Amino acid sequence: IDEERIIWKRDLPPNIYQLRISQHPKNIEEAFAFRKACVFPAHLVAAQQRRIDEKTYGYEFLELDYDTTGKISVKDSNKLPIREFPINPKTENKEGVMEVWERPVSNPAFGMYYASIDPVSEGKTVTSDSLVSIFIYKNPVEVTKDSPDGPITFVERDKIVACWCGRYDDIKKTHEKLEKMIEWYNAWTVIENNISLFIQYMCSRKKQRYLVPKNQMLFLKDIGSNTNVYQEYGWKNTGTLFKTNLLSYAIEYTKEELDIETKPDGTIVKTTYGIERIPDPMLLKEMLAYQDGVNVDRLVAFCALIAFAKVQQANRGIRKRVEESKENLQKSKNLYKLSKNMFTHMGGQHQNGIDPMYKMTRSPFKNIK
């Protein structure tokens, strides 16, 4: 450990060096020295990191492409996600891979999924450690379902279902990857517009319907931000907007109490916190490492996403879905099976109703000469 620390101290920035020490401590004091200054709940982040390390969350590495009909096709990928933070600017391959914890439902309704992007301004570079970051978020849904004891209602939790962090040497390939992810999930997308290249790309593809207009970003209206920004889509990271506003949405999201298990006497056995909706280990690393001046691409995209989602839910409520039992569905289908023909009394008849072979006894042309 001591030998490793000599190398870390020589090669890493001070804040990252301190983070490494807290992640590989020799005593209790070192374990919590860095995390005392962390703006996120460090004990919850650490617990979530353990759950991810224990393979609690199933995942896939996938590649998306268009088939001959123009629809999205999916295949497994043998690439690996970027697990280096901060990434060395001289790293040759920064492509990464799309990580999926839950595939989209069949034909997802628009508004079921949101996405958030922190873009980059160029392709290949050996001077910048910035990466494109995109997160796909599934909205909570109130589900009403039939049961033997009558209808029951419960809420499917919101969660992060997919992400990608990386960049291609060709900026067009970067944009294409973002486009395919957004289209696959049919996701309404928030994008930081300090760099407008991706917005221009989507407009050129006539897919700007996926981009959230600035006037729909209610969190900007609430604080009167971006009023002098004339870009139609996205939000501009100006001044202290991220630090003083967006960051607080993400912090509260991690601390939100989702469920509490108690004993009969009321003693709390287990509390489930919102951070369990975040399966990305690299986002958790950025949460612990966040300080002024640290480049946190994933965290910027995530904070904007949660701010947008929370304000939308507060103003519009959550989506609802009714699931009928198979028995009720069968009864509904039987409504379309009529036992009698509604046209029984039209035209010629015989003892069983309409005679399909009925012929007129008189010619309609008898008076035509």
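Which strand is Glu 257 found in? Glu 257 belongs to strand S10, residues 257–262. Keep in mind that this is a predicted model. Leaving aside residues up to four places away in sequence, Glu 257 touches Thr 271, Thr 272 and Tyr 273. Ile 275 is 18 residues from Glu 257 in sequence, and their C-alpha atoms are 9.3 Å apart.

Next, the nonpolar cores. The largest has 49 residues, and Phe 40, Met 287, Leu 299 and Phe 302 touch the most other members. Elements giving two or more residues to this core include helix H2 (14–23), strand S5 (132–138), helix H9 (281–289) and helix H10 (297–316). H10 gives the most, with eleven residues. Take Met 287: beyond four places in sequence, its contacts are Cys 38, Phe 40, Val 45, Thr 254, Ile 278, Leu 299 and Phe 302. There is also a second, separate core of 31 residues, with Leu 64, Ala 162, Tyr 185 and Tyr 233 among them.

On to the rings. The count is 14 aromatic pairs. In one of them, the ring centres of Trp 184 and Tyr 185 are 5.1 Å apart and the planes stand at 70°, so this pair is edge-to-face. Why does Trp 184 count as buried? Because its relative accessible area is 14%, and the cut-off for buried is under 20%. Tyr 185 is buried too, at 0%. One aromatic cluster is formed by Phe 110, Tyr 114, Tyr 137, Trp 188, Tyr 210 and Phe 308.

Last, charges over rings. The charged end of Arg 277 sits 3.7 Å from the ring centre of Tyr 253, over the ring. Lys 177 lies over the face of Trp 164, with 5.4 Å to the ring centre.

Key. Residues numbered from 1 in each chain as written. Predicted model: local features only at pLDDT ≥ 70, side-chain atom pairs only at ≥ 80, totals over all residues. Heavy atoms only, no water. Helix = DSSP H or I, 4+ residues; strand = E, 2+ residues; numbered from the N terminus. Contact = heavy atoms within 4.5 Å. Core = buried A, V, L, I, M, F, W, Y, C linked by side-chain atoms within 4.5 Å. Buried < 20%, exposed > 50% of the residue type's maximum accessible area, 1.4 Å probe, protein only. Phe/Tyr/Trp six-rings, centres within 6.5 Å; stacked < 30°, edge-to-face > 60°. Lys NZ or Arg CZ within 6 Å of the ring centre and 35° of its normal.
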